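Please read the following note alongside the sequence and the model. The points move from the whole chain to single residues.

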Amino acid sequence: MTTRTDSSPAPDPAPAPAPAAERRSWLRDHSELGVCVLLMALGVLVLTDALTMDVDITQRGPVGPKTVPIAVGIGLLVIAALLAVDVLRGGRGEAEGGEDIDLSEPADWRTVLLLSGIFLGAAVLIEPVGFPVAGALLFWGAAFALGSRRLDRDPLIAAVLSLITYIVFDKLLGVPLPGGPLMGVL
């Protein structure tokens, strides 16, 4: 009985990746789990706020002020769990493929910063000048930031939208909004 000996050395096994690099790679491949964590945190926050909400004794019945926030909180938790299961099973989010979006172009930070500033400005001005004026500035500023340069039309449309919004919420729906200097007029 002859035994054959191979004189060639055994091939070197591939070096094992470092645990930190392996962990980074796994996190990069499952980055959608960050959205799951965000949705879960939002769901817990909404449920906590809804369950600790003080409800007037006259607000009893099957549908009260807690019903919608509890439903939204539960919905957020269910969506977070379903998305996590999908991601862990290998599901991947598709890249944005909108027909009017050029994915090779960088984000337009000027517009984002303008809109953020206009929104914050309106939030600061709503108490001293009232919702109709702050809302008109918000609508006009948003139109300007998004590219509209019709100075003859945009302020008028913004004022009308703001007044209609104020009347619908304050007068028809009973949601009190600050009227500012126009409180006696409206």
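What percentage of the 186 residues of the protein count as buried?

1. Of the 186 residues, 17% count as buried, where buried means under 20% relative accessible area, exposed over 50% and partly exposed in between (1.4 Å probe, protein chains only). This is a predicted model, in which local features need pLDDT of at least 70 and side-chain atom pairs count only at pLDDT 80 or more, while totals for chains, interfaces and linings use all residues. Residues are numbered from 1 along each chain as its sequence is written, and side-chain values use heavy atoms, with hydrogens and water left out.

2. The pLDDT is the predictor's confidence in each residue, from 0 to 100. The protein averages 82, and 74% of its residues score at least 70. Among the elements, helix 5 has the highest mean pLDDT (94) and helix 1 (residues 19-29) the lowest (65).

3. The secondary structure comprises six helices and zero strands; these elements are DSSP runs numbered from the N terminus, with helices (H or I) of at least four residues and strands (E) of at least two. Contact means heavy atoms within 4.5 Å. Of the contacts with a separation of 6 or more, 60% come from residues 24 or more positions apart.

4. Helix 4 (residues 109-129) has 21 residues and should span 30 Å, since the expected span is 1.5 Å times one less than the number of residues. Its end C-alpha atoms are 29 Å apart, which agrees. A kink of about 25° is centred on alanine 123; the bend at a residue is the angle between axes fitted to the seven residues ending there and the seven starting there. Just after helix 4, glycine 130 takes a positive phi of about 90°.

5. Which residues of helix 4 are buried? They are Thr111, Ile118 and Ala122. The buried residues of helix 4 pack against helix 5 (131-145).

6. Alanine 136 lies in helix 5 and is buried, with a relative accessible area of 16%. Leaving aside residues up to four places away in sequence, alanine 136 touches Phe131, Ala158, Ala159 and Ser162.

7. Arginine 149 lies over the face of phenylalanine 144, at 3.8 Å from the ring centre. A charge sits over a ring if NZ of Lys or CZ of Arg is within 6 Å of the ring centre and within 35 degrees of the ring normal.
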